[in-house]
Amino acid sequence: RLTRYIVLLCFTKFLKAVGLFESYDLLKAVHLVQFIFIVQLGSAFFMVLFQKPFSSGKVVTKRQWIKIFKHAVVGCIISLLWFFGLTLCGPLRTLLLFEHSDVVVLSLLSVLFTSSGGGPAKTRGAAFFIIAVICLLLFDNDDLMAKIAEHPEGHHDSALTHVLYTIIAFLGVADHKGGVLLLVLALCCKVGFHMASRKLSVDVGGAKRLQALSHLVSVLLLCPWVIVLSLTTESKVESWSSLIMPFITVIFFVVILDFYVESICSVKMEASTCARYGSFLIFISALLFGNFWTHPITDQLRAMNKPPHRESTEHVLSGGVVVSAVFFILSANILSSPSRKGQKGTLIGYSPEGTPLYNFMGDALQQSSQSLPRFIKESLKQILEEYDSRQIFYFLCLNLAFTFVELFYGVWTNSLGLISDGFHMLFDCSALVMGLFAALMTRWKATRIFSYGYGRVEILSGFINGLFLMVIAFFVFMESVARLVDPPDIDTNMLTPVSVGGLIVNLVGICAFSHAHSHGASRGGCHSHDHSHSHHGHSHSHGHGHSHSDHGHSHGHSHGSSGGGMNTNMRGKYRLLNRVFLHVLADTLGSVGVIVSTIFIQQFGWLIADPLCSLFIATLIFLSVIPLLKDACQVLLLRIPPEQEKDLHAALEKIQKIEGVISYRDPHFWCHSASVVAGTVHVQVVSDVMEQRIVQQVTAILKDAGVNNLTVQVEKEAYFQHMSGLSTGFQDVLAMTQQLESMKYYKDGTYIM
């Protein structure tokens with residue numbers, strides 16, 4: 001039964017794409033305000049004729065007329081933003097940006113700004129939407145040279161368009177990218193407008209009646225503006241009669257048909273189904289029309305606006321547009337899907353009838369993920385609570401401010417060197433942000449899935465930062481070698497003041513973080529001494545036994561955990577601050593190198609000084625990063641902490657001497673994170689010993705050696721002999737089988753085994 005409505009909805013969206021491409025061609029010759037007036041006039045004529053809003057329904061009160069007037073004003077503003085964005089971006093990009101259902105946009109805003117975002121799936125959909133917009137902003141080509149050749153406002157010149165163009169120019173982006181931002185703003189306004197119109201539509205007798213009255217009021221509002229424009233501006237339309245059919249197409253396809261079909265489908269189908277099918281079809285239609293759009297009136301309208309010999313690039317399918325369309329389709333599909341609340345939990349089995357049984361305790365009852373603003377607020381609060389993280393944050397703000405100063409000064413003076421150095425400092429700021437975020441993640445509580453917590457994120461962050469530094473050092477080294485062969489001319493006038501400013505900023509960082517380097521350099525590997533206070537730490541052990549005939553073994557587990565702030569994780573703090581110190585030291589050496597090379601070039605004309613200083617800096621960066629990478633690799637490869645090898649070896653000897661212990665096997669110890677040293681060991685004991693006593697003694701010995709997360713498996717003598725016997729018998733059978741296989745051969749025509 002729903003198939004007919006889905007087909008009708010898809011066909012309507014297809015026609016709306018046709019109407020929007022036709023609108024773009026009409027706007028090449030018709031003024032923006034005149035175009036909106038004609039569309040509103042045609043829509044009002046049809047809806048008043050069809051709906052009869054004055055003769056049917058209850059009488060509209062004066063207060064309701066005031067609300068309808070406000071509704072019409074806001075509707076006109078949104079239409080102006082929409083079609084003005086259409087003139088800047090073209091129909092393809094306008095369809096991708098503006099034709100999203102209210103369900104999709106509300107889900108997106110819910111993920112970004114509320115705590116009930118809908119789970120990981122909705123977050124993934126929101127990320128896809130943001131990536132799609134970024135692709136249109138950064139990876140979409142723009143016919144910029146064609147727009148520079150003429151006045152940007154063209155025949156749409158008016159006070160409103162002039163203000164919008166001024167705002168876009170103030171943002172420093174091309175008209176095309178300004179149109180992307182304008183359409184995103186218009187989309188959010190449209191959704192809010194629809195939400196606010198629901199109560200008013202109920203008061204006046206329905207959405208259709210409200211739409212008819214609003215269009216009629218919009219015509220009355222725009223009529224004086226259109227009259228003034230007609231008297232004060234020169235029209236580019238040679239024959240209005242030739243535009244009657246295109247305008248009728250736009251009125252019916254873009255406004256009337258889309259409104260009525262969506263009203264019908266929203267009653268017959270769920271809103272999520274309408275959003276999913278409608279968005280998919282209109283995006284696919286936009287891509288098809290963007291590549292194949294031709295119309296008899298198109299060439300005629302283009303000829304009015306630009307010379308015929310100029311190639312048009314309005315509907316170019318760039319890589320950014322295609323990727324953006326794919327991400328928009330994925331995000332619309334995810335964000336429009338209904339939230340599956342109440343289905344969380346852990347599958348624990350099935351009933352006798354086959355019904356799945358879930359445990360809804362634990363993670364399922366925890367509070368859902370925080371909204372983005374609240375998450376940022378809480379993260380900043382945690383950062384500013386601790387001295388060292390606060391120092392990093394303040395230096396990050398100072399470094400970021402100077403980065404933008406350097407970028408602005410580089411763009412202003414057209415200095416490529418300053419712009420490159422500004423982006424290098426921006427990369428360093430991203431490394432600092434990564435380090436701070438890793439330090440925050442180490443404080444997150446362990447979950448059912450990440451049972452060890454997020455302590456290793458800090459190690460991984462240090463490893464990635466180290467790799468980035470090595471890549472920077474490598475490219476600086478290669479560029480320096482190339483400049484040694486052919487030293488280029490360098491303009492030192494602009495480099496000196498900015499380099500001195502960068503040196504001052506980095507010296508502040510050196511003074512702030514030098515103590516971390518002095519502390520961290522004396523500690524290698526994974527330092528595991530317990531720095532927590534007694535009221536923050538706890539440890540426990542437990543054992544249980546079960547038997548196989550007359551054999552048994554038991555397990556014991558012990559761990560110590562520490563609470564409090566970031567400073568309880570002392571090794572993690574030194575590791576983070578040491579990484580920050582290396583970044584600041586690299587930047588400081590770069591500033592010193594630029595200043596020294598500038599002095600040599602200005603005083604002696606030694607152009608080779610610049611690559612020599614760069615070689616020295618690259619070598620120092622490379623050598624300083626090697627210990628950091630080595631330390632991180634040892635942790636990621638689960639190596640025994642180097643400074644604890646002797647202690648662990650001595651601890652195992654002590655375990656061997658415990659009364660009742662026969663031997664031990666499979667000892668494994670590794671550094672899980674900056675503050676957690678984990679280990680497992682199997683201990684064989686005599687039959688009459690108490691397992692809990694052995695677990696406690698082994699735990700105490702290994703905890704003194706630095707292991708603060710330990711699992712002990714106690715195996716009694718009978719169980720150990722039983723398992724050893726099974727293992728020995730299996731090995732004997734395997735050896736006999738291999739021996740028989742090797743004895744097969746032919747002798748005197750007889751096969752012998």
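The stops below concern salt bridges and the accessibility of the residues that form them.

The coordinates are those of a predicted model, and the structure holds nine salt bridges.

Select Lys13 and Asp258 to begin. These two residues form a salt bridge, with the closest N and O atoms 3.1 Å apart. The pair links distant parts of the chain: Lys13 lies in helix α1 (residues 3-26) and Asp258 in helix α11 (residues 244-268), 245 residues apart.

Next, select Lys199 and Asp203. Their salt bridge places the closest N and O atoms 3.4 Å apart. Both residues belong to helix α9 (residues 175-204); because they are four residues apart there, about one helical turn separates them. Lys199 is exposed, with a relative accessible area of 58%, whereas Asp203 counts as partly exposed at 21%. The value for Asp203 should be read against the cut-off for burial, which is under 20%.

Move on to Arg665 and Asp666. Their side chains meet in a salt bridge with an N to O distance of 2.8 Å. Arg665 is partly exposed, with a relative accessible area of 32%, and Asp666 is partly exposed as well, at 35%.

Finally, select Lys13, Lys16, Glu99, Asp258 and Glu262 together. Salt bridges with shared partners join these residues into one network, which includes the Lys13 and Asp258 of the opening stop.

Key
Residues numbered from 1 in each chain as written. Predicted model: local features only at pLDDT ≥ 70, side-chain atom pairs only at ≥ 80, totals over all residues. Heavy atoms only, no water. Salt bridge = Lys/Arg side-chain N within 4 Å of Asp/Glu carboxyl O. Helix = DSSP H or I, 4+ residues; strand = E, 2+ residues; numbered from the N terminus. Buried < 20%, exposed > 50% of the residue type's maximum accessible area, 1.4 Å probe, protein only.
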